[in-house]
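This briefing covers one protein chain, shown below.

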Amino acid sequence: MGRKEEYKLKNDAFFEKMRSSEGVNNLGGILYRVVAEGTGKGSVKMNSVVTVHYRGTLVDGREFDNSWKRGCPEAFRVNGLIEGFSIALLNMHVGDRWIVYIPQELGYGRRASGSIPGNSVLIFEIELLGIS
């Protein structure tokens, strides 16, 4: 078995383990854990622009992005994001802070993206700050 196959199996096993973890919910193929519940009004739609703070890591803990470290939240159009990130945002309220586990099928799939290898489970801590 090659390194790529081993990496995929490791990521698949991690996701399956998370599926049965206490406090982890399943939502449209992604898993998430609520860190804080917001009280904000309004709903995120596919064409919404959201302002978020987020941190992205891989299953080995390697961080590939962090808006908190940059000291500046990011604004994204929801329909321009990977599917798993969009699924999470469509179900969040302003002030929510979730840890989201995105399987490779709802992330970048088999292709690599920057420092993210193909077949990666993506772990995002997301804080929804605003919707416009």
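A polar contact here is a pair of N or O atoms within 3.5 Å; within protein, one must be able to donate a hydrogen and the other to accept it, and residues adjacent in sequence count only if both atoms are side-chain atoms. By that rule, the side chains of Glu125 and Arg97 are in polar contact at 2.7 Å. The model is predicted: local features need pLDDT of at least 70, side-chain atom pairs count only at pLDDT 80 or more, and totals for chains, interfaces and linings use all residues. Residues are numbered from 1 along each chain as its sequence is written, and side-chain values use heavy atoms, with hydrogens and water left out.

- Glu125 belongs to strand E7, residues 122–131; helices (H or I, at least four residues) and strands (E, at least two) are DSSP runs, numbered from the N terminus.
- Glu125 counts as buried because its relative accessibility is 19%, where buried means under 20% relative accessible area, exposed over 50% and partly exposed in between (1.4 Å probe, protein chains only).
- Contact means heavy atoms within 4.5 Å. Not counting residues up to four places away in sequence, Glu125 touches His53, Tyr54, Arg55, Trp68, Arg97, Trp98 and Ile99.

**Strand pairing**

- Two strands pair if DSSP finds at least two bridges between them.
- Strands E6 and E7 run antiparallel and are joined by 6 bridges. Across from Arg97 stands Glu127 of E7.
- Strands E2 and E6 are also antiparallel, with 5 bridges between them. Val34 has Trp98 in E6 as its bridge partner.

- Helix H3 spans residues 83–90 and is mostly covered, with 6 of its 8 residues buried.
- The buried residues of H3 are Gly84, Phe85, Ser86, Ile87, Ala88 and Leu89.
- Their cover includes strands E1 (25–27), E2 (30–36), E3 (49–57), E6 (97–102) and E7.
- Leu128, in strand E7, is buried because its relative accessible area is 1%.
- Between Leu128 and Leu89 there are 39 residues of separation in sequence, and 7.7 Å in space from C-alpha to C-alpha.
- Leaving aside neighbours within four places in sequence, the contacts of Leu128 include Val44, Val50, Leu89, Met92 and Gly95.

**Salt bridges**

- The whole structure has 9 salt bridges, each a side-chain nitrogen of Lys or Arg within 4 Å of a carboxyl oxygen of Asp or Glu.
- Arg62 and Asp60 form a salt bridge, their closest N and O atoms being 3.5 Å apart. Arg62 is partly exposed at 39% relative accessible area, and Asp60 is partly exposed at 45%.
- Glu63 pairs with Lys69 in a salt bridge, with closest N and O atoms 3.0 Å apart. Glu63 is partly exposed at 27% relative accessibility, whereas Lys69 is exposed at 67%.
- Arg55, Glu63 and Lys69 are linked in a network of salt bridges.
- Glu74 and Arg70 form a salt bridge at 2.9 Å between the closest N and O atoms. Glu74 is partly exposed at 24%, and Arg70 is partly exposed at 41%.

**Aromatic rings**

- Rings of Phe, Tyr and Trp (its six-membered ring) pair if their centres lie within 6.5 Å; planes under 30 degrees apart count as stacked, over 60 as edge-to-face and the rest as tilted. By this rule there are 8 aromatic pairs.
- The Phe85 and Phe124 rings have centres 4.9 Å apart and planes at 75°, so this pair is edge-to-face.
- The pair links distant parts of the chain, Phe85 being in helix H3 and Phe124 in strand E7, 39 residues apart. Both Phe85 and Phe124 are buried.
- One aromatic cluster is formed by Tyr54, Phe64, Phe76, Phe85 and Phe124.

**Nonpolar cores**

- A nonpolar core is a set of buried Ala, Val, Leu, Ile, Met, Phe, Trp, Tyr and Cys residues joined through side-chain atoms within 4.5 Å.
- The largest nonpolar core has 25 residues, of which Ile30, Phe85, Leu89, Val100, Ile102, Phe124 and Ile126 touch the most other members.
- Elements E2, E3, H3, E6 and E7 give two or more residues to this core.
- Apart from this core lies another of 8 residues, among them Met18, Val59, Val121 and Ile123.
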